[in-house]
Amino acid sequence: MKLVVAIIQPHRLDSVRQSLTEIGINGMTVTEVRGYGRQKGHTEIYRGAEYTISFMPKLKVEVALPDDRVEDVIGAITKAARTGKIGDGKIFTIDLDAALRVRTGETGDDAL
């Protein structure tokens, strides 16, 4: 099992969700996060004062899935999240040792 973690721009969430639904992925966790990479932030003016915004608002999308679906999910997220501009995000895959569905007690791939 794998956990796919994608950091994406907030306005791309609906596209990513729709793209994952189209390939049969029905569950995900979404968290509002802040961070920076090559994008490095920007400056804004508020009430006449200039502020440097170092951490950009992003969304973290997490999807737990069987090993054989990883490439499908990465492709779907990449296609839906890409704008071609800096700040499109990153995708990480992490090995999952175990999964348990609390309601039924199912474990492993059955719990996903």
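The chain exposes about 7,700 Å², and carbon and sulfur atoms supply 48% of that area. Please keep in mind throughout that this is a predicted model. As for charge, there are 16 positive and 16 negative side chains, with the centres of the two sets lying 9 Å apart. Of the 112 residues, 26% count as buried.

On overall dimensions, the radius of gyration is 17 Å, whereas a compact globule of 112 residues would have one near 13 Å. Taken along the principal axes, the box filled by the C-alpha atoms is roughly 55 × 25 × 20 Å.

Turning to secondary structure, the chain has two helices and six strands, which follow one another along the sequence in the pattern β-α-β-β-β-β-α-β. If we take the contacts between residues at least 6 apart in sequence, 72% of them join residues at least 24 apart.

Now to helix H1, which covers residues 13-22. Which residues of H1 are buried? They are Val16, Ser19 and Leu20; seen down the helix axis, these buried residues fall within an arc of 95 degrees, and therefore they line one face of H1. What does that buried set pack against? Its partners are strand S1, residues 2-8, strand S5, residues 56-65, and helix H2, residues 70-81. On the other side of H1, by contrast, Asp14 and Glu22 are exposed. Finally, just after H1 comes Gly24, which takes a positive phi of about 90 degrees.

Technical notes:
Residues numbered from 1 in each chain as written. Predicted model: local features only at pLDDT ≥ 70, side-chain atom pairs only at ≥ 80, totals over all residues. Heavy atoms only, no water. Buried < 20%, exposed > 50% of the residue type's maximum accessible area, 1.4 Å probe, protein only. Helix = DSSP H or I, 4+ residues; strand = E, 2+ residues; numbered from the N terminus. Arc of directions from axis to C-beta. Contact = heavy atoms within 4.5 Å. Rg over C-alpha atoms; globule rule 2.2 N^0.38 Å. Areas by Shrake-Rupley, 256 points an atom, 1.4 Å probe, with all protein chains shown as cover. Lys, Arg positive; Asp, Glu negative; His and termini not counted. Charge placed at Lys NZ, Arg CZ, Asp CG, Glu CD.
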